[in-house]
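Biologist: Hi! Could you walk me through this one while I have it open on my screen?
Modeller: Happy to, let me bring it up.

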Amino acid sequence: MFGHGGAQIQIEQTKAALEQLGVTVEPLRWWDDRQTGDVLHQFARVPARLLQMAQEKGMKVVTSAFLSGLGARPSWMRLVQKMALRVIRPVAPKAISDIFSWDSYRLSDACIAMTPYEASLLTVIHNVPPSRVRVIPNGVEEVFLRSQAVPRGRWLVCTAAIIELKQVLKLAQMAVRAETPLWVIGKPYSDTADYAKRFMEYARQNSKTVRYEGPIADRERLAGIYREARGFVLLSQWESLSLSALEAAACRCPLLLSDLPWAREAFKNKAAYCPVNGSRPASAAALRRFYEAAPNLEPPPPPLSWMEVARQIKAVYESILK
């Protein structure tokens, strides 16, 4: 809410593609008791009471899970969370359970995960029956899939919101240390945020190495930038399945990503990886190695289109309505 980014694009593109397939799609008018529908599709965890009321009205509920934070935690922390939920959930007052929506994934008629890894988190941590879990990745717009090859330039490109989660300031510092040209494309949630001001000031002071001109709304131009880039870099602390990485992959751009399960599952050995919490000297050295190797790296596999994703989602709707 009030934050642009991948989730917003995912929702808008899913809605548009489903409509092209003949599905009537409306945003939930939570204040309107006359609204009808067959399926309530919630992106992120649905509040438990909303889920129950929808089911009481005869709707099926589909939840698209965003488990990026949980997925990036160390295995021992996930184990602790799993054991804590198993102990607390059965004895906790219903009011507490509803506040945290502990049961919303389990009570959904279907849950959509973007990777097999996040699907396993749903079944292992949240006790969702495996029969209710589907794996459907994000898609990309046709403008990226149809983009044409051009000679690669000198800039590495990072497209991300200017927030601490995406570690763009750390990436800029790595680029300066490694003397590696970096073009950051994106905007902060707020121009007055301290992190955004520190990043923009650092980019201004190091403009020969770090290029920052704000966001680019023109999707065709963005596809051309991916095509011309020497490589794409995203070192965020966590993701579910990065849309910007998929867009770059559609444009056959070499990838350097945070070494996290989502990235390994999505791109396997078709991308390079950098530790999330590595020291700046070691991370800068990894960035420089990627820069030098990028022209000879095998491009990542092309992702699905939003239409292909929507067909899979529509099949989920049809299966639970039966």
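Predicted model: local features only at pLDDT ≥ 70, side-chain atom pairs only at ≥ 80, totals over all residues.

Biologist: Nice. Which residues meet there?
Modeller: On the H9 side you have Lys 170, Leu 171, Gln 173, Met 174, Ala 175, Arg 177 and Ala 178. H14 brings Arg 280, Pro 281, Ser 283, Ala 284, Leu 287 and Arg 288 to meet them. By class, the contact of H9 with H14 has seven nonpolar, two polar and four charged residues.

Biologist: Let's switch to voids. How many cavities of 30 Å³ or more are there?
Modeller: The count comes to two. The largest cavity has a volume of about 80 Å³. Its lining has 13 residues, and Gln 10, Ser 64, Ile 112, Ile 136 and Ile 313 are the closest to its centre.

Biologist: Which helix gives the most to the lining of the largest cavity?
Modeller: H15 does, with three residues. Helix H1 (6-20) and helix H15 (306-321) each supply at least two.

Biologist: How does the lining of the largest cavity divide by class?
Modeller: Nine residues are nonpolar and four are polar, with no charged ones.

Biologist: While we're on H1, is Thr 14 buried or exposed?
Modeller: Thr 14, which is found in helix H1, is buried, with a relative accessible area of 4%. Leaving aside residues up to four places away in sequence, Thr 14 touches Phe 43, Trp 306 and Ile 313.

Biologist: Good to know. What is the volume of the second largest cavity?
Modeller: About 60 Å³. Among the residues lining the second largest cavity are Tyr 117, Glu 118, Trp 238, Glu 239 and Trp 262. Helix H3 (68-72), helix H7 (116-124) and helix H13 (261-267) each give two or more residues to that lining, and H3 gives the most, with three.

Biologist: How many charged residues does the lining of the second largest cavity have?
Modeller: Two, along with seven nonpolar and three polar residues.

Biologist: Last topic, pockets. What's the volume of the second largest pocket?
Modeller: About 290 Å³. The second largest pocket is lined by 13 residues, and Leu 28, Trp 30, Asp 32, Leu 50 and Lys 57 lie nearest its centre.

Biologist: Which element supplies the largest share of the lining of the second largest pocket?
Modeller: Helix H2 (residues 48-56), with three residues. By class, that pocket lining has eight nonpolar, one polar and four charged residues.

How values were computed: Residues numbered from 1 in each chain as written. Heavy atoms only, no water. 1 Å grid on protein atoms, 1.4 Å probe; cavity = no way out; pocket = protein on both sides within 12 Å on 5 of 7 lines; lining within 4 Å. Points joined across faces, edges and corners; volume = space filled by probe spheres on them. Helix = DSSP H or I, 4+ residues; strand = E, 2+ residues; numbered from the N terminus. Nonpolar A, V, L, I, M, F, W, Y, C, P; charged D, E, K, R; others polar. Contact = heavy atoms within 4.5 Å. Buried < 20%, exposed > 50% of the residue type's maximum accessible area, 1.4 Å probe, protein only.
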